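The following exercises concern one protein structure, shown below. Each task is followed by a solution in steps.

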Amino acid sequence: MPPISMHSVDQQVTDLVTDINIEEWSRQYWAQGEFLALERLLPPSLIGEFIQEVDGVRSKINRNFIPKHKKGGSVSYYLLQESAPAIMAFYQSPQWLQVLSKIAGVPLLLCPDEDPHACALYFYTEPGDHIGYHYDTSYYKGARYTVLIGLRDRSTSQLLCRLHTKESDRDVQELALATEPGTFIYFNGDKLHHAVSPLGEGEERIVLTLQYVTDPSMSFTHRWFSNMKDAVGYFGWSALFRRPTR
Ligand SMILES: [Fe+2]
């Protein structure tokens, strides 16, 4: 496998953000209750680089199961830091961060090193893999924003979204979206009620998740609760004791 060129990732992000209609994206984001979905936004070349890294960490997937809520596999930020330089370069790209900040109208920051969710992979690879309805609740002192990037989708599974659930003057709007390679989904974690429908037999769905915050500080109690939730629901207990390397 040829080495990943960081210049290549930077250049592809430059190409991606050049000539975009940021005002229109921001308008759509706010009209949909802090939610935006753009099909196949990222080019196949960039997704191809990410998929090479995804295939390199497949042996390290942590499978998790919470009865009646979720079943699937995850790879944490800590493992991606060690072995996924193109994905890391994309997550940390200042240009990309600037675009997200402009859409949401707030200056965004990377999550702190000790957050295994900061940049992670979700694997839906076994029949019935899914996650029930939830918010990506912020345990930070500031707001938390989620980006989902579709990497591989050979499935009938869909991202189920309920928009405007926190707005008393709006009717709830329901959406069911496929996350095909390159599809970009962006939302305020406390605003979007969402789920993933169960995977069928012989199917596969892989998604990259990126998290950004307005204030990365967190109380000791919230950090403890967040760690417990991540260990049980996503990355396993070993992630609690793994030192971040960035
Ligand atoms: Fe979520």
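**Exercise 1. Determine the spacing of the iron donors along the chain, and locate the histidines among them.**

Step 1. Along the chain, the donors of the iron ion follow the spacing H-x1-D-x57-H. Donors are N, O and S atoms within 2.8 Å of the metal (3.2 Å for Na, K and Ca); water is not among the atoms, so sites may look incomplete.

Step 2. Histidine 134 lies in strand β6 (residues 130-134) and histidine 194 in strand β11 (residues 193-196); this pair, 60 residues apart, links distant parts of the chain. Helices (H or I, at least four residues) and strands (E, at least two) are DSSP runs, numbered from the N terminus.

Step 3. The coordinating atoms are NE2 of His134, OD of Asp136 and NE2 of His194, at 2.1 to 2.2 Å.

Step 4. Histidine 134 and histidine 194 are both buried. Buried means under 20% relative accessible area, exposed over 50%, and partly exposed in between (1.4 Å probe, protein chains only).

The model is predicted: local features need pLDDT of at least 70, side-chain atom pairs count only at pLDDT 80 or more, and totals for chains, interfaces and linings use all residues. Residues are numbered from 1 along each chain as its sequence is written, and side-chain values use heavy atoms, with hydrogens and water left out.

**Exercise 2. Describe the overall fold: which elements does the protein contain, and how does its radius of gyration relate to that of a compact globule?**

Step 1. The secondary structure comprises seven helices and 12 strands.

Step 2. Along the principal axes, the C-alpha atoms fill a box of roughly 45 × 45 × 40 Å.

Step 3. Of the 246 residues, 54% are buried. Among contacts (heavy atoms within 4.5 Å) with a separation of 6 or more, 83% are between residues 24 or more positions apart.

**Exercise 3. Identify where the partners of selected salt bridges lie, and state whether they are buried or exposed.**

Step 1. The whole structure holds 10 salt bridges. A salt bridge is a side-chain nitrogen of Lys or Arg within 4 Å of a carboxyl oxygen of Asp or Glu.

Step 2. In one of them, glutamate 180 pairs with arginine 40, with the closest N and O atoms 3.1 Å apart. Glutamate 180 is in the loop between β9 (173-177) and β10 (184-188), and arginine 40 is in the loop between β1 and α3 (44-56), 140 residues apart. Glutamate 180 counts as partly exposed because its relative accessibility is 29%.

Step 3. Glutamate 204 pairs with arginine 58, the closest N and O atoms being 2.7 Å apart. Glutamate 204 belongs to strand β12, whereas arginine 58 is in the loop between α3 and β2 (62-66), 146 residues apart. Glutamate 204, at 15% relative accessibility, counts as buried; arginine 58 is partly exposed, at 27%.

Step 4. Arginine 63 and aspartate 129 meet at 2.8 Å, N to O. Arginine 63 sits in strand β2, and aspartate 129 in the loop between β5 (119-124) and β6, 66 residues apart. Arginine 63 is partly exposed, with a relative accessible area of 32%, whereas aspartate 129 is buried, with 0%.

**Exercise 4. Examine two non-glycine residues with a positive phi, aspartate 19 and glutamate 34: is each one buried or exposed?**

Step 1. Most residues other than glycine have a negative phi.

Step 2. Aspartate 19 has a positive phi of about 70° and is found in the loop between α1 (6-17) and α2 (22-31). With 77% relative accessibility, aspartate 19 counts as exposed.

Step 3. Glutamate 34 has a phi near 65° and occupies the loop between α2 and β1 (35-38). Glutamate 34 is buried, its relative accessible area being 5%.
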